[in-house]
Amino acid sequence: MTDKPNVTLPGKVERIIQSPSPSEPDKAQIAVEGADHLYKEIRIENSLTDENGNEVQLKRGAQVEVKVEADKSQTVPAAG
């Protein structure tokens with residue numbers, strides 16, 4: 001378990017964006033549940049590593065988890 005404050009949000013791969021250049025990886029656009037409507041999509045390189053060290057890619061419609069964590073020194077107590 002991590003000592004860093006964190007939150008994990010569910011997400012879904014909305015689309016796969018083909019790279020215009022073969023030297024650059026495709027992108028996966030992920031809609032993050034719980035984010036503001038205008039800011040819910042993020043795009044990441046569509047390149048992951050499985051438990052055997054093999055490169056894999058996300059499929060459209062895949063359910064994912066988006067984790068945000070920070071060092072304790074980079075956080076402040078919540079108001080209220």
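# Reading a six-stranded model

Q: Which residue in β6 stands opposite Lys12?

A: Lys12 stands opposite Gln63. As for the ground rules, this is a predicted model, in which local features need pLDDT of at least 70 and side-chain atom pairs count only at pLDDT 80 or more, while totals for chains, interfaces and linings use all residues. Residues are numbered from 1 along each chain as its sequence is written, and side-chain values use heavy atoms, leaving out hydrogens and water.

Q: How many strands and helices does the protein have?

A: Strands here are DSSP runs of E with at least two residues, and helices are runs of H or I with at least four, numbered from the N terminus. The protein has six strands and zero helices, giving the pattern β-β-β-β-β-β along the sequence. Its radius of gyration (taken over C-alpha atoms) is 15 Å, well over the 12 Å that the globule rule (2.2 Å times the number of residues to the power 0.38) gives for 80 residues, so the protein is more spread out than a compact globule. The C-alpha trace spans about 50 × 35 × 20 Å along its principal axes.

Q: What is the order of the strands in the open sheet?

A: Two strands pair if DSSP finds at least two bridges between them. In this case four strands form an open sheet in the order β3-β2-β1-β6, with antiparallel pairing. The edges are β3 (41–45) and β6 (63–69), each pairing on one side only. On average, neighbouring strands of this sheet are turned by 40° against each other, direction ignored; the axes are lines fitted to C-alpha atoms, and angles run from 0 to 180 degrees between N-to-C directions.

Q: How many bridges join β1 to β6, and how many join β1 to β2?

A: Seven bridges join β1 to β6, and six join β1 to β2. In the latter pair, Ile17 stands opposite Lys27. Strand β2 (residues 27–32) also pairs with β3, over five bridges, and there Ala28 stands opposite Ile44.

Q: Which residues make up the largest nonpolar core?

A: A nonpolar core is a set of buried Ala, Val, Leu, Ile, Met, Phe, Trp, Tyr and Cys residues joined through side-chain atoms within 4.5 Å. Buried means under 20% relative accessible area, exposed over 50%, and partly exposed in between, using a 1.4 Å probe and protein chains only. The largest core has seven residues: Val13, Ala28, Ile30, Val32, Leu58, Val64 and Val66. Two or more of them come from each of β2 and β6, and β2 gives the largest share, three residues. Overall, 18% of the 80 residues count as buried.

Q: Is Gln29 buried or exposed?

A: Gln29, in strand β2, is buried, with a relative accessible area of 9%. Its side chain makes a polar contact with that of Arg43 at 2.9 Å. A polar contact is a pair of N or O atoms within 3.5 Å; within protein, one must be able to donate a hydrogen and the other to accept it, and residues adjacent in sequence count only if both atoms are side-chain atoms. Contact in the wider sense means heavy atoms within 4.5 Å. Leaving aside neighbours within four places in sequence, Gln29 is in contact with residues including Val13, Glu14 and Ile42.

Q: Where is Ser19?

A: Ser19 is in the loop between β1 (6–17) and β2. A polar atom of its side chain lies 2.7 Å from the backbone oxygen of Ser21. Not counting residues up to four places away in sequence, Ser19 touches Glu24, Pro25 and Asp26.
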